[in-house]
Amino acid sequence: MQSRLNLVTAFLALYAASGLAAEDTATLQEVVVTARPETLPGAGATTLNAAAITPKRARTSDTASLLVDIPGVSTYGAGGVSGLPVIRGLADDRLRTKVDGMDLIAACPNHMNSPLSSIDPTAVDSIQVYAGVTPVSVGGDSIGGSIVVQSASPAFADPGKQLATGSAGAFYRSNGESWGGNLSGSVATDNLSLNYTGAYAKSDNYLAGGNFKDYRFTGRVGHTLPLDQVGSTAFEAINQSVKFAWKNDRNLVNFTYGNQHIPYENYPNQRMDMTDNLSDQFNLAYTGDQGWGTLQARVYYEHTQHEMDFGDDKRFWYGPGQPPSGSGGDTAINGMPCSPISGVKVVKGMMVGCAAGMPMDTDGKNTGLAVSAAISLSLEHLLRVGAEYQNYRLDDWWSPSGAGMWPFTFWNINDGQRNRFAVFGEWEIRRERWTNTLGLRFENLDMNAGPVHGYNLATYPTSGSGGLGNQTRDAALFNAQSRQQTDNNWDLSWLARFTPDANQAYELGLAQKTRSPNLYERYSWSTWQMAAFMNNFVGDGNGYVGNLDLQPEVAGTLSLTANWHDAGEAIWDVKVTPYYTYVRDYIDAMQWDSTTNAPRRVPVVDDFTVLKYVNQSAQLYGLDLSAHYLVARGTRGGDFTAQLVASYTKGENLDTGDNLYNIMPLNAKVSLIQVFGSWRNTLEGEFVDAKDHISQVRNEMQTAGYGLVHLRSRYEKKTWSLEVGIANLFDRSYDLPLGGAYVGQGTTMTIPPAPNQPQWGTPVPGPGRSIYAGVTVTF
């Protein structure tokens, strides 16, 4: 504790020293960039540019967390680099996420390799977030909005010259002993450009602001965790990319090869951990000025090889009976090493078995093609047209490891296929004070999957029973049904912007958006509790079963934005957005009885359970608010600005009367920012209301309201910058409203009898105080 206080004292001294001498604002080194960015409609979008993103990089290794200062945007808790973004209560696959023009898909039954985890924050140059009503040119196969992430455009030299530039950075965060670095370098002529970008990040488990549990054991002999340590939050991630670009006066061609390796990423709200993840991305793009407008084309391929098992903080050895033939059974606090690896059998009248972990492998292949054109019909009329194709293949299999996971391979998804073809047209009309964007999009989506079997069989059954957890029955029912599904989906959108004068603007958005189920929602098939637990991408500790009869979600959204500000938008600004969304065939869940293979008659209360995906109807409504005010300018202490960001969302299941899961409660951030020469200092308060509107069907846990204080300072010069800060200054203990259930240590494969863990009732806590620093040098 004394060392923590010393660090705090040192930081506050540094923070105060920022006022000792004012210097001129830093001037960035000049780099000539002539690449044409993708033509994207701006209506309804919030844009984060490099100036807004750069100060956040020292605080986080999770790209999703870069978005949380946007009204209405939050994140589901997950691994340290794999947060799942939420826009107005709709998350994950309900959002369309594009990284450098690629539509990426999580290849994991827990969505551990989420799309935004494929790029390190230090490589992100800009982000556009479209909330709710989204132009059809950037929407599709989503109902909650779109997130468009771009890395830096290729840099070129002036004609006849050469360019060599680069940057290097490093960071450290005290909570979790997180550290890492990044390196980027470019060499270019006026026509050719070559760039390398690399980033490394590593962290141990983080500490909460106080003790949040009453047990130390992890299920592994000799390995315990302190009462304030949040198990399964450690990670290591390596991201690299090489970009090559060529241009002339009218054309730009660029090719990017990206490679990601995550040796491990542990999850406090999942029963498994990522034990390895390899992803290769190939991205070829063309942008051309055709005189009549802009033509763009892109082809990409992504191959992900993903592995899961139990990380260091979760029990590894399973099986009934005592060592050496068994691990001690589910009642044992720690699983004892055993041998030989075998299925469950009777030895001297006793059931024994030995399982070494539970390996799970996923192989995903994602191929995409997109062609679009922005055609300037006149100064007032712009037409956007395009076509897209995506071919996705997924295999998800679990090799036998012993005990009940024996003797054959369990096929969770066999030859999963999701093919999507789309065409769209969008008309933008700018006339005097009005801008209207009208669009229509059609998507044909074809899905299929092969037959499956459980651990107990080597063949694909179409009849029969038996196997632990009714594996044969469930596989036979799945195999006997038609698994090919075709959806024809329509999207429509209208965004209107009216600017009566220089001090106000109004936006109206109206849209119908459609999303088809993902492969796991349709094709995960086993009702066995253990197997269902492995299929969960919401972090609530429950198990999920797919449903072949799911229909696409269809959302109708209405939003209105009013923006009042001074003429230059430099002194004050207020923006407020109320919205309403009705979703037909919303994919929610009902509790499922695996014994009868039917809806559960008596609900499970205050415990983990198994659920099956079902279509129901839902509504979401709320309000987003943002404001800033220039409090003082040109004082002896510099300029002072106050900022406010606040959001409220309510989500309801209209069929059951239940609340929707993981809805962020009323929340706000209030900041006071001082700009003093090369210094930018921020004092921020973060306030979150209690979460008491919870999903009963999922036994979601309530969380208490809280307030946090953060301090940040940034010092920027021509060739270097320093970012320092303290997150959660007063080491406040709190629970993450969207963090899910804590299953980060213990016997996580099942629901073990007490006093074994994990038991229902502990939300994932937020991190305690963390002092961080990051430095970047350009050359």
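A disulfide here is a pair of cysteine sulfur atoms within 2.5 Å. Keep that in mind for the opening stop, but a word on the model comes before it. You are looking at a predicted model, where local features need pLDDT of at least 70, side-chain atom pairs count only at pLDDT 80 or more, and totals for chains, interfaces and linings use all residues. Residues are numbered from 1 along each chain as its sequence is written, and side-chain values use heavy atoms, with hydrogens and water left out.

**Stop 1: the disulfide**

Select cysteine 338 and cysteine 354. Their sulfurs sit 2.1 Å apart, joined in a disulfide, and the count for the structure by this rule is one. Look down the S-S bond: the torsion is about 95°, so the disulfide is right-handed. Now colour by secondary structure (DSSP runs numbered from the N terminus, helices being H or I of at least four residues and strands E of at least two). Cysteine 338 lies in the loop between β16 (317-318) and β17 (342-347), while cysteine 354 belongs to strand β18 (residues 350-356), 16 residues apart.

Are these cysteines buried or exposed? Buried means under 20% relative accessible area, exposed over 50% and partly exposed in between, using a 1.4 Å probe and protein chains only. Cysteine 338 is buried at 7% relative accessibility, and cysteine 354 is buried at 0%. While you have cysteines on display, click on cysteine 108 too: it is buried, also with a value of 0%.

**Stop 2: the core around Met358**

Next, select Met358 and Met534. Within the largest nonpolar core, which has 69 residues, these two touch the most other members. A nonpolar core is a set of buried Ala, Val, Leu, Ile, Met, Phe, Trp, Tyr and Cys residues joined through side-chain atoms within 4.5 Å. Show what surrounds methionine 358, skipping neighbours within four places in sequence: its contacts include Met272, Met308, Phe310, Trp398, Tyr455, Met534 and Met749, along with the polar Asp309 and Ser401. Contact means heavy atoms within 4.5 Å. Apart from this core lies another, of 21 residues, with Ala64, Ile87, Val99 and Tyr300 among them.

**Stop 3: Thr750**

Move on to threonine 750, in the loop between β34 (720-727) and β35 (770-778). Threonine 750 is buried, at 16% relative accessibility. Beyond its neighbours within four places in sequence, threonine 750 contacts Arg271, Asp330, Gln529 and Phe533.

**Stop 4: salt bridges**

Side chains of opposite charge can pair when their charged atoms come close. The rule used here asks for a side-chain nitrogen of Lys or Arg within 4 Å of a carboxyl oxygen of Asp or Glu, and the whole structure has 30 such salt bridges.

Select lysine 314 and aspartate 273, whose closest N and O atoms are 2.8 Å apart. This pair links distant parts of the chain, 41 residues apart: lysine 314 is in the loop between β15 (293-309) and β16, and aspartate 273 is in strand β14 (residues 273-289). Lysine 314 is buried at 0% relative accessibility, and aspartate 273 is buried at 0% as well.

Then go to arginine 522 and aspartate 487, at 3.1 Å between the closest N and O atoms. Here helix α4 (residues 519-523) holds the arginine and strand β23 (residues 485-501) the aspartate, 35 residues apart. Arginine 522 is buried, at 1%, and so is aspartate 487, at 5%.

Another pair to pick is lysine 650 with glutamate 652, at 3.2 Å from N to O; lysine 650 is buried at 9%. To finish, select Arg96, Asp103, Glu388, Arg420, Arg441 and Glu443 together: salt bridges that share partners join them into one network.
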